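Subject: Structure handover

Hello,

Here is the structure you were waiting for. Please look through it first; my notes on what was found follow below.

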Amino acid sequence: MAKQEVSTTLSPAEWEIMKVLWDQGSLAARDVFAALPHENEWAYKTVKTLLARLVAKGALDYEQIGNSYLYHAAVQRETMTRQEVRSLFQRVRGMTLSPVLAKFIEEVPLSEQEIQHLRQLLEEKRKQNSQGHKISKKKGTKRGK
């Protein structure tokens, strides 16, 4: 069963390991190593160290089969992404949100499908905000009477 949260944020290298396990399911360390992008140029020992750190953080779990360990994600990708986003926004709290989001959009290559999804999310947020303002005005009016 997947855990709800990890005790701390993940490093970029740890995210690379997690992506492999989220995409491919349970794997032995050698299979994780083989599935990683070759441009990382990590040694097998580095991958083993990262796997051990992820187990310690609660992001991975494992099953021992003979002399081997079969690693699998202990937290869902969506849960970890949500936790990382919260962490980012806590670090930039006090800043105006629009420039932060704009910078993200400028820096990340987005597909047409992703752009459409972002538009849909913004439209849903606009509707929620307009409904929220109507509700708060009504509540304010009732209190005033």
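A salt bridge here is a side-chain nitrogen of Lys or Arg within 4 Å of a carboxyl oxygen of Asp or Glu. Please keep in mind that this is a predicted model.

Salt bridges

By that rule, seven salt bridges are counted. One of them joins the side chains of R77 and D23, with 2.3 Å from N to O. R77 belongs to helix α4 (residues 77-91) and D23 to helix α1 (residues 12-24), so this pair ties together parts that are 54 residues apart in sequence.

The salt bridge between the side chains of E123 and R126 has an N to O distance of 3.2 Å. E123 is partly exposed at 33% relative accessibility, and R126 is exposed at 54%.

Finally, K103, E106 and E107 are linked to one another in a network of salt bridges.

Overall layout

The chain contains six helices and three strands. Going along the sequence, they follow the pattern α-β-α-α-β-β-α-α-α. The chain has 145 residues, and 22% of them count as buried. Its accessible surface is about 11,000 Å², and carbon and sulfur atoms account for 53% of that area. Of the contacts in the chain with a separation of 6 or more, 56% are between residues 24 or more positions apart.

The sheet

The three strands make an open sheet in the order β1-β3-β2, with antiparallel pairing. β1 (27-28) and β2 (60-65) are the edge strands, since each of them pairs on one side only. β2 and β3 (residues 68-73) run antiparallel and are joined by six bridges. Within this pairing, Y62 has Y71 in β3 as its bridge partner, and L60 stands opposite A73, also in β3.

β2 and β3 form a hairpin with two residues between them. G66 lies in the turn and has a positive phi of about 65°. Helix α3 (residues 44-57) lies across β2 and β3 and runs at about 115° to β2.

Which residue has a positive phi although it is not a glycine? That residue is E41, with a phi of about 55°. For context, most residues other than glycine have a negative phi. E41 is placed in the loop between α2 (29-35) and α3. E41 is exposed because its relative accessible area is 71%, and the cut-off for exposed is over 50%.

A nonpolar surface patch

F104, I105, L118 and L121 make a nonpolar surface patch of about 350 Å². Two helices, α5 (97-107) and α6 (112-144), each supply at least two residues of this patch. L118 is placed in helix α6. With a relative accessibility of 30%, L118 counts as partly exposed, a class that lies between under 20% for buried and over 50% for exposed.

Where to look

The hairpin of β2 and β3 can be viewed next, with G66 in its turn. After that, E41 can be found in the loop between α2 and α3, and the nonpolar patch can be traced through F104, I105, L118 and L121.

Regards

Definitions and conventions. Residues numbered from 1 in each chain as written. Predicted model: local features only at pLDDT ≥ 70, side-chain atom pairs only at ≥ 80, totals over all residues. Heavy atoms only, no water. Patch = residues over 30% accessible without salt bridge, like charges linked within 9 Å, V, L, I, M, F, W, Y side chains within 5 Å. Areas by Shrake-Rupley, 256 points an atom, 1.4 Å probe, with all protein chains shown as cover. Helix = DSSP H or I, 4+ residues; strand = E, 2+ residues; numbered from the N terminus. Buried < 20%, exposed > 50% of the residue type's maximum accessible area, 1.4 Å probe, protein only. Pairing = 2+ DSSP bridges. Contact = heavy atoms within 4.5 Å. Axes fitted to C-alpha atoms, helices over the stretch in contact; angles between N-to-C directions.
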